[in-house]
Amino acid sequence: MIVTIDRKYGSGGRLIGEKLSKLLGYRFFDRELLKIAAQESGMHEDVVQHFDEKPTGSLLYSTYLYATLPVTDALPLNQKLAFAQFEVIRRVAEEGNCVIVGRCADYVLQERTDCLNVFITATNPVRRQRLIQYYGVPEELTEKTIRKQDKMRAEYYNFFTQRKWGDASNYHICLDAGRLSLDGAAQLLADAVHQLEG
């Protein structure tokens with residue numbers, strides 16, 4: 001089973017994903033996908049960090065280039081990196097049970113029948129508190145940080161999938177993680193996976 005997790009910034013989605021992977025004994029992928037894609041594409045990891053989950057340029061043009069040229073440097077770096085990550089996502093899914101956070105994984109793996117696609121949200125007060133508690137963001141910057149990060153994630157997802165980020169119809173489960181503890185949210189998802197596996 002592959003669990004994909006999309007998440008609003010500060011909702012606890014990555015932390016829930018980590019906890020879920022431990023509960024299930026699954027492999028966990030988040031920024032690891034970036035590292036693997038960078039290594040395999042010959043891109044320096046420090047450089048690609050700046051381009052992760054950030055779209056630019058024309059998707060139609062990029063898709064045309066990607067489909068018609070076997071290897072191209074004509075793609076902008078962030079799109080080249082995204083396509084490299086998509087290939088890594090397909091490969092790690094083929095290798096078996098895992099939890100994958102972000103990077104359009106639900107879309108990339110849409111043909112598979114062994115996926116549970118999850119979107120995690122929380123109210124802004126809960127998200128602000130989690131940013132302070134888990135990431136050390138100063139309280140006065142939390143609202144601005146949430147808006148900026150959500151905007152980037154939405155633009156990235158919408159750009160590469162031509163879907164709407166956070167639209168419930170793209171996911172099997174939409175979870176308000178502010179109503180539960182992080183452990184409780186992870187357990188709820190683990191229970192769902194066990195039902196699907198059974």
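The model is predicted: local features need pLDDT of at least 70, side-chain atom pairs count only at pLDDT 80 or more, and totals for chains, interfaces and linings use all residues. Residues are numbered from 1 along each chain as its sequence is written, and side-chain values use heavy atoms, with hydrogens and water left out.

**The sheet**

Begin with the strands. Strands (E, at least two residues) and helices (H or I, at least four residues) are DSSP runs, numbered from the N terminus. Select the five strands of the open sheet, whose order is β2-β3-β1-β4-β5, with parallel pairing. Two strands pair if DSSP finds at least two bridges between them. At the edges are β2 (27-29) and β5 (173-176), each of which pairs on one side only. On average, neighbouring strands of this sheet are turned by 20 degrees against each other, direction ignored. Axes here are lines fitted to C-alpha atoms, for helices over the stretch in contact, and angles run from 0 to 180 degrees between N-to-C directions.

Next, select β1 (residues 2-7) together with β4: these strands run parallel and are joined by 6 bridges. Within this pair, T4 stands opposite N117 in β4.

Select Q85, which is found in helix α5. Is Q85 buried or exposed? Q85 is buried, with a relative accessible area of 1%; buried means under 20% relative accessible area, exposed over 50% and partly exposed in between, with a 1.4 Å probe and protein chains only.

**The nonpolar cores**

A nonpolar core is a set of buried Ala, Val, Leu, Ile, Met, Phe, Trp, Tyr and Cys residues joined through side-chain atoms within 4.5 Å. In soluble globular proteins, nonpolar side chains tend to be buried together. The largest core has 29 residues, and F86, I89, I100 and L109 touch the most other members. At least two residues of this core come from each of α2 (31-41), α5, β3, α6, β4 (115-121) and α8. Helix α5 gives the most, with 9 residues. A second, separate core of 24 residues includes I120, L182, L189 and V193.

Select I89 and display its surroundings. Leaving aside neighbours within four places in sequence, I89 is in contact with L33, I100, R103, A105, V108 and L109.

**The loop between β3 and α6**

Move to R103, in the loop between β3 (98-101) and α6 (105-108). R103 has a positive phi near 55 degrees, although this residue is not a glycine, and R103 counts as buried at 2% relative accessibility. C104 lies in the loop between β3 and α6. The phi of C104 is also positive, at about 60 degrees, in a residue that is not a glycine; C104 is buried at a relative accessible area of 1%.

**Helix α8**

Select helix α8 (residues 142-161). Its 20 residues should span 28 Å at 1.5 Å a residue, and the end C-alpha atoms are 28 Å apart, which agrees; the expected span is 1.5 Å times one less than the number of residues. Among the buried residues of α8 are I146, D150, R153, Y156 and F160. Just after α8, Q162 takes a positive phi of about 60 degrees.

**The aromatic rings**

For the last stop, display the aromatic side chains. The whole structure holds 7 aromatic pairs. Rings of Phe, Tyr and Trp (its six-membered ring) pair if their centres lie within 6.5 Å; planes under 30 degrees apart count as stacked, over 60 as edge-to-face and the rest as tilted. F86 and F160 form an edge-to-face pair, 5.7 Å from centre to centre with 85 degrees between the planes. F86 lies in helix α5 (residues 77-94) and F160 in helix α8, so this pair ties together parts that are 74 residues apart in sequence. F86 is buried, with a relative accessible area of 6%, and F160 counts as buried at 6% relative accessibility.

F159 and F160 also form an edge-to-face pair, 4.8 Å from centre to centre with 85 degrees between the planes. F159 is buried, with a relative accessible area of 13%. Finally, select F83, F86, Y156, F159 and F160 together: ring pairs link these residues into a cluster.

Technical notes: Contact means heavy atoms within 4.5 Å.
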